[in-house]
Amino acid sequence: ITASTSETYWTGALSAWAIDLVKQGYYVETLPISGKITYGDGTNAQDLSNYKVFIVTEPNNSFSATEKTAIINFVKNGGGLYIIADHDNSDRDGDGIDAPSVWNDLFSTNSVKANPFGVTFNLVSISQTTSNFANLPSNTILHGTAGNPTLMQYSAGATMTLDKTANASVQGLIYKTGSSTTGTTNVMFATATYGSGKICALGDSSVPDDGTGDSGDTLYD
């Protein structure tokens, strides 16, 4: 991959994001379906201790107790976690649980800390394009090297409620239209630190979707 490589060099829904990361100098891997989520397991070549950031988009199976511990301790010890959910009733494989519930289960039921990131996904489905961004001039996501975003489109996604008692660092960066941009409800995109690591939380997988996923599905690029 070089600076002139097309974003369609690799396809699979989030692939353009990955290509952009490689162009920025990062090394990107996919966790295959046969892979394991571990932290501190020297027998696993893809153990989270070997990575800086773990991006998980719209999980549709509950994390095991061991996986929850691994993910949370990875962040606690300095890792970055990008949490992506989706709308209520987005159970893709019919096993009775969808992405917002998978994440809420990790937050509420784990062996490390209750609600470590101060985030809970609301079981709702909203679609809108919002310009309701928090006024945070020094924030490096809203005002970074990639520029200043002004709009974000949700194509059926879940909002979040933040709990500053559980995690004082949690903050909303993007909110539903008409909502307070300093509050803890109607949040569409949030960040927090935990231990020496950090997280981003996004309520809709359509936001990073590049339109190259399963051609049999309705895609929201």
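How many aromatic pairs does the count come to? The count comes to eight aromatic pairs in this predicted model.

**View 1. Tyr82 and Phe189 make a tilted ring pair.**
The two ring centres sit 6.4 Å apart and the planes meet at 45 degrees, so this pair goes down as tilted. What you have here is a link between distant parts of the chain, with 107 residues separating the partners. Tyr82 belongs to strand β2 (residues 80–84), while Phe189 comes from strand β8 (residues 187–194). Is Tyr82 buried or exposed? Tyr82 counts as buried because its relative accessibility is 18%, and the cut-off for buried is under 20%. Phe189 is buried too, with a relative accessible area of 6%.

**View 2. Phe117 and Tyr194 pair edge-to-face.**
Here the planes are at 80 degrees and the ring centres are 5.7 Å apart, so the label is edge-to-face. This pair also ties together distant parts of the chain: Phe117 is in the loop between α3 (99–108) and β3 (119–121), and Tyr194 is in strand β8, 77 residues away. Both Phe117 and Tyr194 are buried.

**View 3. Ring pairs join up into a cluster.**

**View 4. Ala13 has a positive phi.**
Ala13, which isn't a glycine, has its phi near 85 degrees. Look for Ala13 in the segment before α1 (15–23). With 22% relative accessibility, Ala13 counts as partly exposed.

**View 5. Asn115 is a non-glycine residue with a positive phi.**
The phi of Asn115 is about 45 degrees. Where is Asn115? You'll spot Asn115 in the loop between α3 and β3, the loop that also holds Phe117. Asn115 counts as buried, at 13% relative accessibility.

**View 6. Ile1, Tyr9 and Trp10 form a nonpolar surface patch.**
Together, Ile1, Tyr9 and Trp10 make a patch of about 350 Å². Ile1 has a relative accessibility of 47%, so Ile1 counts as partly exposed.

Technical notes:
Residues are numbered from 1 along each chain as its sequence is written. This is a predicted model: local features need pLDDT of at least 70, side-chain atom pairs count only at pLDDT 80 or more; totals for chains, interfaces and linings use all residues. Side-chain values use heavy atoms; hydrogens and water are left out. Rings of Phe, Tyr and Trp (its six-membered ring) pair if their centres lie within 6.5 Å; planes under 30 degrees apart count as stacked, over 60 as edge-to-face and the rest as tilted. Helices (H or I, at least four residues) and strands (E, at least two) are DSSP runs, numbered from the N terminus. Buried means under 20% relative accessible area, exposed over 50%, partly exposed in between (1.4 Å probe, protein chains only). Patches are made of residues with over 30% relative accessible area and no salt bridge: like charges are joined within 9 Å, nonpolar side chains (Val, Leu, Ile, Met, Phe, Trp, Tyr) within 5 Å. Accessible areas come from the Shrake-Rupley method with a 1.4 Å probe; for residues, only the protein chains shown count as cover. A salt bridge is a side-chain nitrogen of Lys or Arg within 4 Å of a carboxyl oxygen of Asp or Glu.
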